[in-house]
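Please read them with the coordinates open beside you.

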Amino acid sequence: ASGMDGSEAANKYDSALTPFERSEIVEFSEVYYAGQNCSSKIKAPVPSGVNFGYDDERGDYIVTMKDHIAYRYEVVGELGKGSFGQVLRVKDHKKNVQCALKIIRNKKRFHQQAAVEIRILDHLRSRDPDDRSCTVRMLNYFKFRSHTIITFEMHSMNLYELTKLNKYQPFAPALIKRFTAQMLVAMSFMWREHIVHCDMKP
């Protein structure tokens, strides 16, 4: 999809924007989606709200379904939460695909950890241009409303969900071999790149 500049988008989506967004959107050189499908936007700035009302007390971004992230991604679901922040299922209106979007908590130590994570993911991506290492692939990273945000390719269900779907029965040996082979490929790649991973997730 082709984007429009912020001023053009401000005019086109004026009725869908909050007063805060009307001044924010003009700072963007490319706009693909302005949350025009969202009926419950945060009316920032919220008096005494954290980060203009966009964060909760923990520094997590307050997620609103169908709203935009960085005037490009549409929030369509939640994939997970952790001490670092949260992961959303989003539609990328620029490329017309779904991807996973990780929003890091808005706290100094998490910003620092995110910078390290981005550096490692960027390194892995550059060392594996053909995507053969069986590692998750970072697509993009950026700052939005004081949060570091990382986008990843979308994968299928995690191992726990697959186990549940399988009614907690053992997997076929052929499937276990496939999982094991992929993990060994990923670990071998990490070893060659001198990276230690402490939380393997097949």
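**Notes on the model**

1. The side chain of Asp128 makes a polar contact with the side chain of Ser133, at 2.7 Å; a polar contact is here a pair of N or O atoms within 3.5 Å, where within protein one must be able to donate a hydrogen and the other to accept it, and where residues adjacent in sequence count only if both atoms are side-chain atoms. The model is a predicted one, in which local features need pLDDT of at least 70 and side-chain atom pairs count only at pLDDT 80 or more, while totals for chains, interfaces and linings use all residues. Residues are numbered from 1 along each chain as its sequence is written, and side-chain values use heavy atoms, with hydrogens and water left out.

2. Asp128 lies in the loop between α3 and β5, where helices (H or I, at least four residues) and strands (E, at least two) are DSSP runs numbered from the N terminus. With a relative accessibility of 7%, Asp128 counts as buried, the classes being buried under 20% relative accessible area, exposed over 50% and partly exposed in between, for a 1.4 Å probe and protein chains only. Not counting residues up to four places away in sequence, Asp128 touches Ser133, Arg137 and Phe189, contact meaning heavy atoms within 4.5 Å.

3. Phe189 also belongs to helix α5, whose buried residues are Ala186, Phe189 and Met190. These cover an arc of only 105 degrees around the axis, which puts them on the same side of α5; the arc is that of the directions from the helix axis to the C-beta atoms. The buried residues of α5 pack against α3, whereas Pro173, Ala174, Lys177, Leu184 and Trp191 are exposed on the other side of α5.

4. How far apart are the end C-alpha atoms of helix α5? They are 28 Å apart, which agrees with the 28 Å that the 20 residues of α5 (173–192) should span at 1.5 Å a residue, the expected span being 1.5 Å times one less than the number of residues.

5. The sheet is an open one of six strands in the order β1-β2-β3-β4-β6-β5, with antiparallel pairing; two strands pair if DSSP finds at least two bridges between them. Because β1 (68–69) and β5 (138–144) each have a single partner strand, they stand at the edges and one side of each is left without a neighbour in the sheet. Helix α3 (residues 108–127) packs on the sheet, touching β4 (97–104), β5 and β6 (147–153), and its direction makes about 30 degrees with that of β6; axes are lines fitted to C-alpha atoms, for helices over the stretch in contact, and angles run from 0 to 180 degrees between N-to-C directions.

6. The loop between α2 (19–24) and β1 holds Asn51, which counts as buried at 16% relative accessibility. A polar atom of the Asn51 side chain lies 2.9 Å from the backbone oxygen of Arg145, and, leaving aside neighbours within four places in sequence, Asn51 is in contact with Asn106, Arg145, Ser146 and His147.

7. Some backbone geometry deserves a look. A cis peptide bond joins Ala44 and Pro45, with omega about -5 degrees, and Pro45 lies in the loop between α2 and β1. Phe52, although not a glycine, has a positive phi of about 65 degrees and is partly exposed, with a relative accessible area of 45%. His194, in the segment after α5, has a positive phi of about 60 degrees although it is not a glycine, and is exposed at 74% relative accessible area.
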